[in-house]
Amino acid sequence: MSEYIPFLIKVCYFIAAVLFIVGLRRMSAPGTAKGGIVWAGFGMVIATVVTFLTPGMENYWLILAALVSATVLAWVSGKKVAMTDMPQMVALYNGMGGGSAAFIGAMELYKVSNGHAMSGIPTSLALIGVFIGAISLTGSLIAFGKLQGLIDKRYTFPGQNIFNGIFALAVIGFGIYTFSHMEAMNLWIFFGAALILGFLMTLPIGGADMPVVISLYNAFTGLAVSFEGYVLGNWAMIVAGMLVGAAGTLLTQLMAKAMNRSIWNVLFGSMGGGDSASADGDQGEMKEIEGADSAIMMAYAERVVIVPGYGLAVAQAQHKLWEMTQLLTNNGVDVKFAIHPVAGRMPGHMNVLLAEAGVPYDMIEDMEDINPQFKQTDVALVIGANDVVNPAARDDPSSSIYGMPILETDLAKNVIVIKRGRGTGFAGIQNGLFFKDNTKMLFGDAQDAISELITGLKEL
Amino acid sequence: MIDGFVAVYVFMLAAFVGNEIISKVPVVLHTPLMSGSNFIHGIVLVGAMVALGQAETDLGKTFGFIAVFLGAGNAAGGYVVTERMLEMFKTKKKKDVKKGEGDKK
């Protein structure tokens, strides 16, 4: 009987791999997305349960203790977290996966340093897995800290990119040295240095780039899992890890492309570093407007385009916004939502929020579709968005965000901007849109401001 | 031990599959999909379980414990978060046919 168990395990891992692929496939279409995660979930449960049967295993209580405690903790925290805080939770869980892969690699290599034989390919893949897994762990923790507001500024110093670059090369070089001198001490230094590299790489990156960074680390973790899967001879890990590695890499490219920046530039060219001189010239005055007046402007408009940004997510104002939108549509106003690919802190962040509030898909437009329509738009309502509507990205070659595609709200006949204060956005640059003649500023938290608009609309 | 070239083929094929799948995804689903793929690499849990199960030294057990803990957190947290996000898409019918890229083929 027991001789069939390894075969059974392999069959189950195969089934799990198939379920992952099917699940990911279904998750990529709105109609089947909900089922997709359930399919993948089944795969995970099957693989996990059958792993307990692996011959020659000990430490069952330790495994159970770690498994149950982490599952309960992650489950509860994942259930409790607010919809707006999802991006940092994804970053956190992703970092955990990367860390897990790195620790597996370190364990296997530690055995090698104690005289356990391992040939060249698995050894090198294990080292690479430790390297990128460790970067993914600490990098994701920083991303989590930044989005959670625990780390609220960028830590930059002159020559940082060069320093980081040299440090990265040094770590890689030391990894190659460790490959030929596999001793425990070298291994720990390598592991520790890779962890530090993850910190150093992520600290100078501003919040505007976080979507790209989280996606990149997601791909990193996938690769690390795949490589450590090879070391362990585990096909489920190889296939699932590589699947995520490839999908994550493509997603990262799509995002970086949307910002017109290369991944290299995101990682090693910290944005908005010091050139605060740009766009300071054309400022003038910001013109304030009251909620009631804004409501009138929109109610008598033919066409309103709403541009949501991170401020909407922070204020949790998506339900209020939908309520306001319904009031407008009842008044016969044509309302559309314009979503910038990197609005919020993750791609699709705004779509998720609007979907939560019940906004139908056909009211939501992508950047390419909506941009030609701004000229015929009476009111563009910008809610807590800043850099993605900054005309400097189109007009000012000296700006550090020059070249990033923007939502061209400045072409609309009127612009109302809901904003908490007069500060700059995450990129730290002034926004000429706020000073334009046809722009009115409605200062306040998105929740309060939209409530004012609703009151104003109801009183009409 | 796995034949190196077989693994290279599998790496290659899995990479293409991953690429194919995501290239058709509508923007609406980017965040859930990233979260879903984050869940899928939680499979690292099974490797961590085996590694801990075969650990003999105290150091191995400590590392293994950490690896299982982190892997299980990745899998469980990734599932809950993805499921919650996708929950919001359930009631709505696929009205985004006009998006073109969102539909099945």
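**Close-up views of the predicted model**

**View 1. The interface between chain A and chain B.** About 8,800 Å² is buried between chain A and chain B, and carbon and sulfur atoms give 78% of that area. In chain A, the residues that lose the most area to chain B are A:Lys34, A:Met107 and A:Tyr361. Together they account for 9% of what that side buries. The contact involves 109 residues of chain A and 90 residues of chain B. The model is predicted.

**View 2. A salt bridge between the chains.** Between chain A and chain B the count is 2 salt bridges. A:Lys34 forms a salt bridge with B:Glu83. The closest N and O atoms of this pair are 3.4 Å apart. A:Lys34 is also among the chain A residues that lose the most area to chain B.

**View 3. Helix 4 against helix 7 in chain A.** Helix 4 of chain A spans residues 86–113, and helix 7 of chain A spans residues 184–202. Their axes come within 9 Å and cross at roughly 165°. Angles over 145 degrees count as roughly antiparallel. Helix 4 of chain A and helix 7 of chain A are therefore roughly antiparallel to each other. Their crossing is right-handed. Helix 4 of chain A contributes A:Ala102, A:Phe103, A:Ala106, A:Leu109, A:Tyr110 and A:Ser113 to the contact. From helix 7 of chain A come A:Ala184, A:Leu187, A:Trp188 and A:Phe191. The residues of this contact divide into 9 nonpolar, 1 polar and no charged.

**View 4. Helix 11 against helix 17 in chain A.** Helix 11 of chain A covers residues 291–299, and helix 17 of chain A covers residues 446–459. The two axes come within 8 Å and cross at roughly 60°. That angle makes helix 11 of chain A oblique to helix 17 of chain A. The crossing is right-handed. On helix 11 of chain A, the contact is made by A:Gly291, A:Ser294, A:Ala295, A:Met298 and A:Ala299. On helix 17 of chain A, A:Glu452, A:Leu453, A:Gly456 and A:Leu457 take part. The residues of this contact divide into 5 nonpolar, 3 polar and 1 charged.

**View 5. A salt bridge between two strands of chain A.** Over all chains, the structure holds 10 salt bridges. In one of them, the side chains of A:Arg303 and A:Asp334 meet, with an N to O distance of 2.8 Å. A:Arg303 lies in strand 1 (residues 303–308) of chain A and A:Asp334 in strand 2 (residues 334–339) of chain A, so the pair ties together parts that are 31 residues apart in sequence.

How values were computed:
Residues numbered from 1 in each chain as written. Chains lettered and ligands numbered in written order. Predicted model: local features only at pLDDT ≥ 70, side-chain atom pairs only at ≥ 80, totals over all residues. Heavy atoms only, no water. Axes fitted to C-alpha atoms, helices over the stretch in contact; angles between N-to-C directions. Helix = DSSP H or I, 4+ residues; strand = E, 2+ residues; numbered from the N terminus. Parallel < 35°, antiparallel > 145°, perpendicular 65-115°, else oblique. Left-handed = near helix turned anticlockwise from the far one by under 90°. Contact = heavy atoms within 4.5 Å. Nonpolar A, V, L, I, M, F, W, Y, C, P; charged D, E, K, R; others polar. Buried area = accessible area lost by both parts, 1.4 Å probe. Salt bridge = Lys/Arg side-chain N within 4 Å of Asp/Glu carboxyl O.
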